[in-house]
Amino acid sequence: MKAKKITLLFLFICAVLSVNAQNKIPAVNVKTIDGATFNTTNMVNDGKPIIIDFWATWCKPCVQELTAIADLYEDWQKVTGVKIYAVSIDDARNSARVKPFVNTRGWEYEILLDPNADLKRALNVGDIPHTFLINGKGEIVYQHAGYAPGDENELYEKLLGCINPEVK
Amino acid sequence: MKKVLAVILFCLSFPFLAKAQESNKFGAGEIHGNFQMMAQNYLVDSTIGAKEVSEKIRMNSFANLNYINGNFKAGMRYESYEKALLGFDPRYNGSDLTYRYATYTNDDLEFTIGNYYEQFGSGLIFRSYEERGLGIDNAMDGIRVKYKPTAGVYLKSVIGKQRFYFAKGEGIVRGLDAEFNLNEILSTFLPEFNPEKARYTYILGGSMVGKYQADNDPIRILPENVAAFAGRFNFISDKFNFYTEYAYKINDPSLTNGFIYKKGEALFVSANYSVKGFSLSASAKRVDNMDFRSDRNADVNNLTMSFLPAISKQHTYALPSFYPYATQPLGEIGEQFEVSYNFKKGTKLGGKYGTLVTINFSNANNLDTTQTGNEQGYSAAFFSKGKMLLYRDLNFEVVKKISPKLKTTYTYMYQVFNKDKVQNVSGFGTVFAHIAVFEMQYKINSKKTFRAELQSMRTKQDFGDWAVGLAEYTVSPHWFFAVIDQFNYGNAIAEKRAHYYSGSFGYTKNATRFIVGYGKQREGFLCVGGVCRLIPASYGLSLAISSTF
């Protein structure tokens with residue numbers, strides 16, 4: 001048993017050694033706010049950047065972050081064409097609350113539901129909030145865990161840094 | 001040994017293979033993962049009841065590694081509890097590989113061997129999930145197949161055993177789930193119909209789950225196969241959303257229900273209406289003998305198949321979440337209402353920056369039951385409530401931005417908490433509490449922010465009155481500093497009027513965080529996503545590190 005486990009671990013280390021540096025969003029099924037099944041390979045934005053933000057209705061810093069970005073989103077979109085996917089990990093207790101929660105606050109994000117944390121797990125997210133920035137080629141170029149007021153400025157700088165000039 | 005050597009040689013050739021074939025193929029995949037550790041040193045404090053811990057220092061940690069290459073994914077998790085932090089089940093003891101899987105996806109077919117997590121519908125009869133922070137993990141170990149035969153039809157099937165600490169539960173779990181998105185199905189017959197632009201969406205679903213466990217009971221004749229069924233319906237329009245799910249379970253005598261032979265059932269209904277700036281929502285739930293586990297002798301949070309979260313609002317401040325409610329899976333009937341309105345900028349109540357007001361009410365009673373005096377245990381009227389109140393919560397929240405720099409939040413809550421029944425203790429009775437919270441956040445400049453909370457809880461029962469003060473200073477993007485004091489000033493026993501103070505600071509760089517804390521932690525329930533865990537009082541220094549790569 002022990003030998004088997006060591007072999008398995010070793011196989012993994014080998015795989016690690018032979019890996020090329022890339023950083024794509026894994027294909028996972030989540031739900032849209034309208035109940036439809038949505039595969040993350042459909043997270044596209046015509047060669048412009050994408051932000052994925054993991055949040056939940058009960059997570060204070062997450063709501064703080066999305067509220068702060070909501071005020072800036074229109075400007076960010078004008079300058080960079082960015083599209084934000086706010087992925088709620090609320091489980092069955094709160095998932096029905098997500099749509100009214102978002103609408104009351106007037107958020108304009110693309111909202112996705114990940115009630116059993118499948119996408120969260122696939123992207124190796126620990127505690128939320130957790131934010132990913134994906135460039136026009138679909139590569140993760142930056143990620144950030146946690147939120148302190150002002151963090152949105154760093155995110156915006158990184159966003160400016162990854163705009164593909166050809167598309168612009 | 002030879003085998004191991006062969007594997008090593010084979011592995012060593014990967015990098016070369018990868019280079020030889022450039023893109024694609026085995027070597028071109030990606031590896032990602034995360035790492036988390038939490039260590040605490042334990043000191044003795046008799047006032048708060050922090051007991052001596054013989055190891056002095058304890059640590060929980062784990063790391064996930066995931067390999068992805070095109071349609072192929074594989075991964076593993078290593079967990080270590082040397083020894084488990086206080087509050088975690090002591091059966092988490094030692095270090096081992098606890099999770100490993102491989103998944104292959106080919107167009108509409110996906111299969112997984114090894115460990116996986118899965119949920120059918122809202123989880124009434126099957127949810128396999130993890131809450132690492134609470135020590136909950138009922139991962140499946142077996143096979144899962146997902147298949148989409150045609151547009152709008154989603155099939156899932158699972159078979160395997162559930163995780164039980166470092167081992168597996170005895171029962172074999174088998175399940176099948178089908179979901180039909182009627183709009184997507186219609187689009188295959190009517191090509192001009194675009195499901196994404198439809199005004200109304202209809203989704204139907206059904207699942208069937210069975211468990212097998214041998215009957216080794218010397219006296220009782222127990223069902224070795226227990227089946228459960230669930231059906232769900234979801235109607236969605238731009239402004240309106242309606243969801244309902246009903247579950248039924250055949251007789252399933254178990255440790256938690258006292259080995260009665262009654263059938264089980266659960267009904268969940270939720271509806272909401274929302275437009276920009278306004279929302280109204282309501283939900284109701286009825287649960288009757290629905291504790292469903294893959295081992296009839298399991299208890300607490302072990303080997304659960306049914307997921308029955310409370311429908312009350314999930315509070316996040318310290319005092320409003322002092323008495324967290326958890327669904328009583330053996331019997332409960334409850335409802336919840338919420339209205340939320342965002343007073344627009346420039347109106348009388350909205351002021352210059354708008355005002356967000358939320359009013360929420362929830363209630364849970366026991367079922368109206370009659371003892372039958374036979375193996376059925378009891379019978380329950382479907383639509384009538386029992387006389388015993390389990391939980392009630394009426395709360396108001398106002399979020400008001402005073403200036404671009406200053407934001408305030410006011411919360412008031414009235415709570416009734418049947419401590420004896422919900423926490424399964426005796427002699428405490430029911431707690432009636434009035435709670436108020438004031439929070440302010442002041443932005444000093446674009447990087448520095450000061451935040452403070454003042455909280456008060458008035459109650460004549462249990463521990464009596466509490467007050468909480470919190471101050472937090474953050475410097476984006478790297479630092480935070482916080483101090484908190486929880487003061488039990490109204491405790492009936494004068495010596496127990498203790499201060500539970502603590503301080504912490506943290507450093508964040510991208511997806512890596514370090515947090516150092518020192519202080520006293522009161523005994524209490526820690527809840528994540530509607531599941532709670534009792535944490536004993538502790539005092540000492542703690543260190544947490546987490547990183548995603």
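This is a predicted model: local features need pLDDT of at least 70, side-chain atom pairs count only at pLDDT 80 or more; totals for chains, interfaces and linings use all residues.
Where in chain A is the place of A:P129? Look in the loop between helix 4 (118-122) and strand 6 (130-134) of chain A. The peptide bond that joins A:I128 to A:P129 is cis, with omega at about 5 degrees.

Now turn to chain B, where another cis peptide bond can be found. Here the partners are B:E82 and B:K83, and omega is about -25 degrees. To find B:K83, follow chain B to the loop between strand 3 (72-81) and strand 4 (94-106).

Stay with chain B and look at phi, another backbone angle. B:K56 is not a glycine, yet its phi is positive, at about 65 degrees. You will find B:K56 in the loop that lies between strand 1 (30-41) and strand 2 (57-69) of chain B. Is B:K56 buried or exposed? B:K56 has 11 of them within 10 Å, so B:K56 is exposed.

Further along chain B comes B:N510, again not a glycine, with a positive phi of about 50 degrees. The loop that holds B:N510 runs between strand 27 (499-509) and strand 28 (512-521) of chain B. How many C-beta neighbours does B:N510 have inside 10 Å? There are 16, and therefore B:N510 counts as partly exposed. That label belongs to residues in between the exposed cut-off of 12 or fewer and the buried cut-off of 20 or more.

Note on methods. Residues are numbered from 1 along each chain as its sequence is written. Chains are lettered from A and ligands numbered from 1 in the order in which they are written. Helices (H or I, at least four residues) and strands (E, at least two) are DSSP runs, numbered from the N terminus.
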